[in-house]
Amino acid sequence: MLDAFAPLDRRLLDDFQRSLPACPRPFAWMAEQLGSTEVEVIAHLTALRDEGVITRVGATVRPNTAGASTLAALAVPEARLEEVAAQVGAHDEVNHSYLRENAWNLWFVVTASDSAHLDQTLDAIRRDTGLTLLDLRLLRPFNIDLGFSLLGTGAQPLTRKQIDLDALCEDDRPLLHLMSRGLPLCPRPFKAVAEELGRPETAVIARTDALIKAGIVSRFGVIVRHRRIGWNANAMVVWDVPENGIEAAGTALASLSGVTLCYQRQTVPDLWRYGLFSMIHARSRDEAYEVLARAKALPELAGIEHQVLFSTRCFKQTGAALTNTRNREA
């Protein structure tokens with residue numbers, strides 16, 4: 001499906017998912033790499049955003065650095081699915097929400113300014129829906145950088161393990177919130193962000209660059225809606241790996257071409273025993289199962305019980321909320 005896009009769009013989607021520099025005119029920098037013009041790049045990015053092909057040009061923030069986040073799930077009766085999905089998605093703290101093929105069928109990511117705010121949001125969802133909620137906190141990342149070649153080539157790099165949390169300042173949170181929601185698509189986007197924050201443009205650029213170098217911003221670039229460009233067979237594969245085998249299995253799985261995310265999460269006694277999570281983004285189910293077959297053949301996963309949860313519908317996909325929306329609205 002990528003072939004259906006104009007050559008400039010294909011390169012914007014495939015070549016700039018990460019490593020966008022923090023500089024006064026980042027779209028001019030992109031244009032220089034493409035042999036294009038800043039005006040044309042901004043126009044094409046705007047069209048891709050308006051058509052829903054990309055969510056934004058901006059940052060993904062490493063989980064549990066500038067805020068607190070979790071992956072959660074509900075087992076929603078089919079008759080209540082639309083109602084409950086709307087209740088969940090109405091929370092600004094919910095930035096991803098998907099229907100998956102499992103008894104636990106509604107999966108969503110919740111990101112908040114801190115742990116207390118996160119817990120309040122989860123409690124509100126429990127209260128609103130009246131349903132049991134799985135709260136699966138991140139324990140260990142192996143690869144959490146969802147940026148991969150849309151040509152289907154190349155293994156993922158392992159997620160950087162050393163993060164300089166000392167680089168984070170308290171007043172970085174409003175900046176990270178705006179960066180995670182997306183840069184304005186204009187010639188000097190950092191100037192627009194600086195004006196909203198009441199700070200100098202040079203200071204905003206310097207802080208953004210520092211947060212990227214510290215690993216707190218895990219990826220800075222074009223954030224693609226993969227389903228819109230033909231990557232429709234997206235499976236969350238969960239593995240019941242013994243604790244003493246998690247490190248080896250996670251490292252091997254994250255290095256496998258076709259596995260786009262990999263991390264360890266908490267389990268929930270009597271409800272959810274699968275602690276190793278992985279994502280496969282593919283263009284067909286057959287292609288996804290080919291990746292899964294290679295994963296199952298890894299010595300570290302031999303004989304390990306697993307489940308495959310294909311996503312069948314996206315209810316919500318946006319950048320994370322890293323400031324307390326309740327406080328902002330008060």
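**Exercises on a predicted model**

The backbone oxygen of L13 lies 3.0 Å from a polar atom of the side chain of Q17. This is a predicted model, in which local features need pLDDT of at least 70 and side-chain atom pairs count only at pLDDT 80 or more, while totals for chains, interfaces and linings use all residues. Residues are numbered from 1 along each chain as its sequence is written, and side-chain values use heavy atoms, with hydrogens and water left out.

**Exercise 1.** Determine where Q17 lies and whether Q17 is buried or exposed.

*Solution.* Step 1: Q17 is found in the loop between helix 1 (7-15) and helix 2 (26-34). Helices are DSSP runs (H or I, at least four residues), numbered from the N terminus. Step 2: buried means under 20% relative accessible area, exposed over 50%, and partly exposed in between (1.4 Å probe, protein chains only). Step 3: Q17 has 4% relative accessibility and therefore counts as buried.

**Exercise 2.** Describe how helix 1 and helix 3 are oriented to each other, and state which residues make the contact.

*Solution.* Step 1: the axes, lines fitted to C-alpha atoms over the stretch in contact, are compared by an angle from 0 to 180 degrees between N-to-C directions. Step 2: the axes of helix 1 and helix 3 (residues 38-50) come within 10 Å and cross at roughly 75°. Step 3: angles under 35 degrees count as roughly parallel, over 145 as roughly antiparallel, 65 to 115 as roughly perpendicular and the rest as oblique. Helix 1 and helix 3 are therefore roughly perpendicular to each other. Step 4: contact (heavy atoms within 4.5 Å) is made by L8, D9, L12 and L13 of helix 1 and by E40, V41, H44, L45 and L48 of helix 3.

**Exercise 3.** Carry out the corresponding analysis for helix 7 and helix 8.

*Solution.* Step 1: helix 7 (residues 189-197) and helix 8 (residues 201-213) have axes that come within 8 Å and cross at roughly 105°. Step 2: this angle makes helix 7 roughly perpendicular to helix 8. Step 3: F190, K191, V193, A194 and L197 of helix 7 meet E201, V204, I205 and T208 of helix 8.

Conventions
Helices (H or I, at least four residues) and strands (E, at least two) are DSSP runs, numbered from the N terminus. A polar contact is a pair of N or O atoms within 3.5 Å; within protein, one must be able to donate a hydrogen and the other to accept it, and residues adjacent in sequence count only if both atoms are side-chain atoms.
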